[in-house]
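Take a walk through this model, from its sheet to its helices and then to its loops. Keep the sequence and the coordinates at hand.

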Amino acid sequence: MDIQVLKEYIESILGDTTKVFIIGHNQPDLDSLGSAIGMYELMRYLGKEAYIIVDDDKKYLEAGVRKLLIDTVRRKREAQEKSPFIQKNKYIKEADKSSLVIIVDNNNIDRISIKDVLNLCGHTIIIDHHKINGKTYQSDYNYIDKSSSSASEIVELLLTAFNYKYSSATATALLAGMHLDTDRFQAQDRISDRTCEVWYRLVHDQKADRMYVKKLFEQKFEKACARGLLKYNRDGNKKNTEIVSEMIYDDKGMPVGIITVSYTRDKFNPEQIYDSVDIAKAAEDMLNEGPANISVVMGFIKENELQISLRNTLKPISAGSIMEKVGGGGDEAKAASQIIIEDGNKIEKIEFIEKTIRQIIKEELAENYLSAAKVESIGPEPKKINVYKR
Ligand SMILES: [Mn+2]
């Protein structure tokens, strides 16, 4: 891919363009937001009225992303400029045939919030580094370079192709995007010589704030602490995690061992909204840190949407087949389900769902563990079944 071609394409259509709308994927990450901020600054430099569309509710954004977004708005306000960010409804009001939409860090049409109103604008461009697939949108010009570490890397190359000395704040946002998608420059296979050149320009020429980027990633750590609060008891006898032992029997019906299942949900703030990934990770943590062979974590991911994540270490139990019974799915080791909880007594409803899952697991164990000899660990960190000594 040649960045000059992208530059020339943008120049060729910009004369007829009045407004530019930049959009990353839904539930934006730091690369999506960082590359959007970079394109915003370029469009402003080229004299265009520009906007970044983020239609996600701020409170559901990942902590680091939310911080970068809020700090960007604050910085603009301090410089007496308007916020770059708008929501979908503003796009619908403002877009017309002289508008350009630039999609960054995404080429999947299902992952943009303005999918159904994309035809309001006259032109579209994609700038991305993800694989193309059946959902790839064919814009007027698709610049998709899989050899780039990140969309932020491509946007930096474009800024440089325009010979534009972008601000330190934009360098910082782009650096955050590259950090995320290269796993903080640990993922060797995603880093090229070009990645290193871009990094050098961001940090040394444009003075990206490396300490700030570090803090954005620490926000993730704070979330990990939130995960800890979800798992462990906060007060006296009340516990968020309950360990349940299920007996297993031999062929003669004699009890020969115990399988432990942990059930976790936030009993102190039952309506607390968690990140979907945190719930899944908490279920993994329960296997790695606790005595459980099977762990179940339940928590809200939206006001009325409950997620159940299940992790399992034992064959022939299948996490997927348990979750299928409550409308979800997965494989042997990992499975999940998302359930819409209509208004009414939410807590009662969660308790009922938990009871149902306990029953399903009990039945699943009864079906599969008539003989303890069948039990086989499928890891990742195998826990021994507590077998009775007789
Ligand atoms: Mn990316």
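Two strands pair if DSSP finds at least two bridges between them. Helices (H or I, at least four residues) and strands (E, at least two) are DSSP runs, numbered from the N terminus. This is a predicted model, in which local features need pLDDT of at least 70, side-chain atom pairs count only at pLDDT 80 or more, and totals for chains, interfaces and linings use all residues. Residues are numbered from 1 along each chain as its sequence is written.

Start with the whole chain. It holds 11 helices and 15 strands. Of its 390 residues, 39% count as buried. Here a residue is buried if 20 or more other C-beta atoms lie within 10 Å of its own, exposed if 12 or fewer, and partly exposed in between, with C-beta atoms placed from the backbone. Two residues are in contact if their C-beta atoms, placed in that way, lie within 7 Å. Among contacts between residues at least 6 apart in sequence, 67% join residues at least 24 apart.

Now the sheet. Strands of a sheet pair through backbone hydrogen bonds, either parallel or antiparallel. Six strands form an open sheet with parallel pairing, in the order β3-β2-β1-β4-β5-β6. Its edge strands are β3 (85-86) and β6 (141-144), each pairing on one side only.

Look at β1 (19-23). Four of its five residues are buried, so the strand is mostly covered. On one side, five bridges join β1 to the parallel strand β2 (residues 49-53). There, K19 has E49 as its bridge partner. β1 also pairs in the parallel sense with β4 (residues 99-104), over five bridges.

Move on to β5 (residues 123-128), which pairs with β6 in the parallel sense over four bridges. D128 stands opposite I144 in β6.

Next, a helix pair. Two packed helices are described by the angle between their axes and the distance between the axes. The axes of α6 (residues 168-181) and α7 (residues 193-205) come within 10 Å and cross at roughly 145 degrees. Axes are lines fitted to C-alpha atoms, for helices over the stretch in contact, and angles run from 0 to 180 degrees between N-to-C directions. From α6, the contact is made by A171, L174, L175 and M178; from α7, by W199, L202 and V203. By class, that is seven nonpolar, no polar and no charged residues. Ala, Val, Leu, Ile, Met, Phe, Trp, Tyr, Cys and Pro count as nonpolar, Asp, Glu, Lys and Arg as charged, and the others, Gly among them, as polar.

Two loop residues deserve a look. Most residues other than glycine have a negative phi. Q27 has a positive phi of about 45 degrees, although it is not a glycine. Q27 lies in the loop between β1 and α2 (30-45). With 14 other C-beta atoms within 10 Å, Q27 is partly exposed. D183, also not a glycine, has a positive phi of about 55 degrees. D183 sits in the loop between α6 and α7. It has 12 C-beta neighbours inside 10 Å, so D183 counts as exposed.

Finally, confidence. pLDDT is the predictor's confidence in each residue, from 0 to 100. The chain's mean pLDDT is 88, and 89% of its residues reach 70 or more. Over residues 376-384, pLDDT stays under 50, and the model has 16 contacts beyond four places in sequence for them. Where pLDDT is low, the predicted coordinates should not be read in detail.
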